[in-house]
Amino acid sequence: MTVVYLDELRTEQDVKDIIPELQDVVIEAICATRNKARLVTHAQMQVKQVIKKCAVNRWQGAKKELNTMFKSLESAAMEVDQNLWVL
(Lines give C-alpha, C1' and ligand atoms only; values in the text may rest on other atoms or scores of the structure.)
Protein backbone atom coordinates (compact mmCIF):
# COMPACT_ATOMS: atom_id res chain seq x y z
CA MET A 1 0.00 0.00 0.00
CA THR A 2 1.39 3.36 -1.03
CA VAL A 3 1.23 6.39 1.23
CA VAL A 4 1.36 9.84 -0.33
CA TYR A 5 2.74 12.70 1.74
CA LEU A 6 1.32 15.99 0.46
CA ASP A 7 4.17 18.06 1.89
CA GLU A 8 6.59 16.22 -0.42
CA LEU A 9 4.66 17.34 -3.52
CA ARG A 10 6.23 20.69 -4.30
CA THR A 11 6.10 20.77 -8.12
CA GLU A 12 3.93 19.30 -10.85
CA GLN A 13 6.82 17.00 -11.73
CA ASP A 14 6.71 15.56 -8.19
CA VAL A 15 3.04 14.72 -8.77
CA LYS A 16 3.79 13.18 -12.15
CA ASP A 17 6.49 11.06 -10.51
CA ILE A 18 4.02 9.50 -8.06
CA ILE A 19 1.24 8.94 -10.61
CA PRO A 20 2.51 5.43 -11.52
CA GLU A 21 2.44 4.46 -7.84
CA LEU A 22 -1.09 5.82 -7.48
CA GLN A 23 -2.12 3.94 -10.61
CA ASP A 24 -0.91 0.72 -8.98
CA VAL A 25 -2.99 1.50 -5.88
CA VAL A 26 -6.04 2.20 -8.05
CA ILE A 27 -5.60 -1.02 -10.03
CA GLU A 28 -5.20 -3.07 -6.85
CA ALA A 29 -8.36 -1.52 -5.40
CA ILE A 30 -10.45 -2.05 -8.53
CA CYS A 31 -9.33 -5.66 -8.98
CA ALA A 32 -9.58 -6.64 -5.31
CA THR A 33 -11.87 -9.46 -4.29
CA ARG A 34 -11.49 -9.08 -0.53
CA ASN A 35 -11.89 -5.79 1.31
CA LYS A 36 -12.67 -4.07 -1.97
CA ALA A 37 -14.75 -1.33 -0.37
CA ARG A 38 -11.98 -0.46 2.07
CA LEU A 39 -9.29 -0.45 -0.62
CA VAL A 40 -11.40 1.68 -2.98
CA THR A 41 -12.15 4.19 -0.21
CA HIS A 42 -8.48 4.43 0.73
CA ALA A 43 -7.42 4.90 -2.90
CA GLN A 44 -10.13 7.53 -3.43
CA MET A 45 -8.90 9.44 -0.40
CA GLN A 46 -5.31 9.50 -1.67
CA VAL A 47 -6.21 10.46 -5.23
CA LYS A 48 -8.65 13.15 -4.05
CA GLN A 49 -6.01 14.74 -1.82
CA VAL A 50 -3.49 14.91 -4.66
CA ILE A 51 -6.19 16.34 -6.97
CA LYS A 52 -6.86 19.09 -4.40
CA LYS A 53 -3.12 19.84 -4.22
CA CYS A 54 -3.04 20.11 -8.03
CA ALA A 55 -6.08 22.38 -8.05
CA VAL A 56 -4.59 24.74 -5.48
CA ASN A 57 -1.33 25.00 -7.43
CA ARG A 58 -3.01 25.00 -10.88
CA TRP A 59 -1.16 21.91 -12.13
CA GLN A 60 -3.58 21.00 -14.93
CA GLY A 61 -1.56 18.25 -16.65
CA ALA A 62 -1.31 16.01 -13.61
CA LYS A 63 -4.85 16.85 -12.53
CA LYS A 64 -6.33 15.42 -15.74
CA GLU A 65 -4.63 12.06 -15.20
CA LEU A 66 -5.75 11.96 -11.58
CA ASN A 67 -9.35 12.78 -12.49
CA THR A 68 -9.38 9.75 -14.82
CA MET A 69 -8.18 7.53 -11.97
CA PHE A 70 -10.79 8.97 -9.62
CA LYS A 71 -13.62 8.31 -12.09
CA SER A 72 -12.60 4.67 -12.35
CA LEU A 73 -12.57 4.44 -8.55
CA GLU A 74 -16.05 5.95 -8.41
CA SER A 75 -17.36 3.31 -10.80
CA ALA A 76 -15.73 0.58 -8.69
CA ALA A 77 -17.34 2.05 -5.56
CA MET A 78 -20.76 2.04 -7.24
CA GLU A 79 -20.17 -1.59 -8.24
CA VAL A 80 -19.42 -2.50 -4.62
CA ASP A 81 -22.56 -0.69 -3.43
CA GLN A 82 -24.65 -2.45 -6.07
CA ASN A 83 -23.28 -5.84 -5.05
CA LEU A 84 -24.12 -5.15 -1.41
CA TRP A 85 -27.74 -4.40 -2.33
CA VAL A 86 -28.02 -7.65 -4.27
CA LEU A 87 -27.30 -9.63 -1.11
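Gln 44 is found in helix α2, where helices (H or I, at least four residues) are DSSP runs numbered from the N terminus. The model is a predicted one, in which local features need pLDDT of at least 70 and side-chain atom pairs count only at pLDDT 80 or more, while totals for chains, interfaces and linings use all residues. Residues are numbered from 1 along each chain as its sequence is written, and side-chain values use heavy atoms, with hydrogens and water left out.

Gln 44 has a relative accessible area of 16% and is therefore buried; buried means under 20% relative accessible area, exposed over 50%, and partly exposed in between, with a 1.4 Å probe and protein chains only. Apart from neighbours within four places in sequence, Gln 44 is in contact (heavy atoms within 4.5 Å) with Phe 70, Leu 73, Glu 74 and Ala 77.

Lys 36 also belongs to helix α2, which spans residues 36-57. Its relative accessibility is 14%, so Lys 36 counts as buried. The side chain of Lys 36 reaches the backbone oxygen of Ile 30 at 2.9 Å. With neighbours within four places in sequence set aside, the residues in contact with Lys 36 are Ala 29, Ile 30, Ala 76, Glu 79 and Val 80.

Ile 30 is also in contact with Ser 72, as is Val 26, when neighbours of Ser 72 within four places in sequence are left aside. Ser 72 is placed in helix α3 (residues 60-86) and is partly exposed because its relative accessible area is 25%. Between Ser 72 and Cys 31 there are 41 residues in sequence and 11 Å in space, C-alpha to C-alpha.

The two cysteines Cys 31 and Cys 54 can be described by their accessibility. Cys 31 counts as exposed because its relative accessibility is 57%, whereas Cys 54, at 0%, counts as buried. The count of disulfides is 0, a disulfide being a pair of cysteine sulfur atoms within 2.5 Å.

Cys 54 is among the residues with the most contacts inside the largest nonpolar core, which has 23 residues; the others are Val 15, Leu 22, Val 47, Val 50, Leu 66 and Leu 73. At least two residues of this core come from each of α1 (12-31), α2 and α3. A nonpolar core is a set of buried Ala, Val, Leu, Ile, Met, Phe, Trp, Tyr and Cys residues joined through side-chain atoms within 4.5 Å. In soluble globular proteins, nonpolar side chains tend to be buried together. Val 47 touches Leu 22, Val 26, Leu 66, Phe 70 and Leu 73, not counting residues up to four places away in sequence.

Definitions and conventions:
Polar contact = N/O pair within 3.5 Å; in protein donor to acceptor, adjacent residues only side chain to side chain.
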